[in-house]
Amino acid sequence: MLVKFAVIAGSASKDLGKRIARRLKAPYVEAKTRVFPDGESKITFGHISIISQVRKVSSKIYAIIPYMGYARQDRQFLSGEIVTMSMVAKMIQTAGAKKIIVVDIHSKIALNHFKIPKENVSAIPELAKYFKKMKLKNVLVVSPDMGGSLRAKKFASLLNTDFVTLKKSRNRKTGKVRVKSSNVDVYGKDLIIVDDIISTGGSIIKATQFLKRQKCKRVFVACTHGLFVEDAEKKIKKSGVSRIISTNTIPRNTSKVDVSGVITESIR
Ligand code: R5P
């Protein structure tokens, strides 16, 4: 059978891969991952295996990387650091990807390491749709740091409300996060903190603690990529967050928002 596309999903994106295949009316190729005792893994996709194998049968290979890891290592912050994002981009290109599609990549600088056509699709409209249905009143959107300000602005405009930006700093050596005191009027308001990634939860916890001290009402969290390293989700809830909503770029309990639609739009 001659098909325009086949969707081949890596082990972390099986459900998302199936959803994209359904939307494209394309065959879904099952992935088999075998992990050896030494930790090495071997990935086989039916008759075809990973991008370099797909290249043997197709010249139009889109690498869809819903959560682009290493995007936070997009530049040298401290002397001697390796810009790992650049290495990762080279590997993906060398393997034969002809276009890369990512969702809410951490920074545009990270995407610039790719020399092939690239598209960064946004999950923000989908996350905003979810929160709109909750019909929260007297709600304000919060960016935990300057880097997320535009994201929060967009989210707030979709909810027809305002946004504020906190002043976060991170110790580059220890990774510890601090939210500096700033003048934000959140008294008695429901808040939605919008972030791209939740990893250890440190940023959200510090932001929530600060906002609670300012006597806000409830704190909700919307994020694209819910990594939740170790017991991050539990710790965030303990800090006073009422609800965390993430997308299915990484399948988690919190993945209530589906990004297969926005990804599929960028494939057509
Ligand atoms: C940082 O600039 C990112 O936008 C996230 O705020 C950060 O990566 C979250 O990491 P963590 O949950 O470990 O604080």
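K60 is partly exposed, with 46% relative accessible area. In this predicted model, K60 sits in the loop between α2 (50–54) and β5 (62–65). K60 also belongs to a positive surface patch, along with K4, K25 and R268. Elsewhere, the count of salt bridges comes to twelve, and the count of disulfides comes to zero.

**Positive patch**

- Four residues form the positive surface patch: K4, K25, K60 and R268.
- K60 brings a loop position to this patch.
- Residues in such a patch need over 30% relative accessible area, and K60 has 46%.

**Cysteines**

- A disulfide needs the two sulfur atoms within 2.5 Å.
- Seen from C223, the closest cysteine sulfur is in C216, again 18 Å away and too far for a bond.
- C216 is buried, at 11% relative accessible area.
- C223 is buried too, at 0%.
- The disulfide count is therefore zero, because a pair must have its sulfur atoms within 2.5 Å.

**Salt bridge D258–R19**

- D258 and R19 form a salt bridge, with their closest N and O atoms 3.2 Å apart.
- D258 is in the loop between β15 (255–257) and α9 (260–267), while R19 is in helix α1 (residues 14–24), so this pair ties together parts 239 residues apart in sequence.
- D258 is partly exposed, with a relative accessible area of 21%.
- R19 is partly exposed as well, at 30%.

**Salt bridge K168–D145**

- K168 and D145 join their side chains in a salt bridge, at 3.0 Å from N to O.
- K168 belongs to strand β10 (residues 167–170) and D145 to the loop between β8 (139–143) and α6 (149–158), so the pair ties together parts 23 residues apart in sequence.
- Which side of the burial cut-off does each partner fall on, buried or partly exposed? K168 counts as partly exposed, at 22% relative accessibility, whereas D145 is buried, at 15%.
- The cut-off for buried is under 20%.

- The side chains of R218 and D190 form a salt bridge, at 2.8 Å from N to O.
- This pair links distant parts of the chain, 28 residues apart: R218 is in the loop between α7 (202–213) and β13 (219–226), and D190 is in strand β12 (residues 190–198).
- R218 counts as partly exposed, at 36% relative accessibility.
- D190 counts as buried, at 1%.
- Salt bridges with shared partners also join D15, R19, R23 and D258 into one network.

**Positive phi angles**

- Where is N138 placed? N138 is in the loop between α5 (124–133) and β8.
- The phi of N138 is near 50 degrees, which is a positive value in a residue other than glycine.
- N160 also has a positive phi, near 50 degrees, and is likewise a residue other than glycine.
- N160 lies in the loop between α6 and β9 (163–165).
- N160 counts as exposed, at 67% relative accessibility.

- A128 is part of helix α5.
- A128 is buried, with a relative accessible area of 2%.
- The C-alpha atoms of A128 and V194 are separated by 9.9 Å, and the two residues are 66 residues apart along the chain.
- S239 is in the loop between α8 (232–238) and β14 (241–247).
- S239 counts as buried, at 15% relative accessibility.
- The C-alpha atoms of S239 and K212 are separated by 9.2 Å, and the two residues are 27 residues apart along the chain.

Technical notes:
Residues numbered from 1 in each chain as written. Predicted model: local features only at pLDDT ≥ 70, side-chain atom pairs only at ≥ 80, totals over all residues. Heavy atoms only, no water. Patch = residues over 30% accessible without salt bridge, like charges linked within 9 Å, V, L, I, M, F, W, Y side chains within 5 Å. Areas by Shrake-Rupley, 256 points an atom, 1.4 Å probe, with all protein chains shown as cover. Lys, Arg positive; Asp, Glu negative; His and termini not counted. Charge placed at Lys NZ, Arg CZ, Asp CG, Glu CD. Helix = DSSP H or I, 4+ residues; strand = E, 2+ residues; numbered from the N terminus. Buried < 20%, exposed > 50% of the residue type's maximum accessible area, 1.4 Å probe, protein only.
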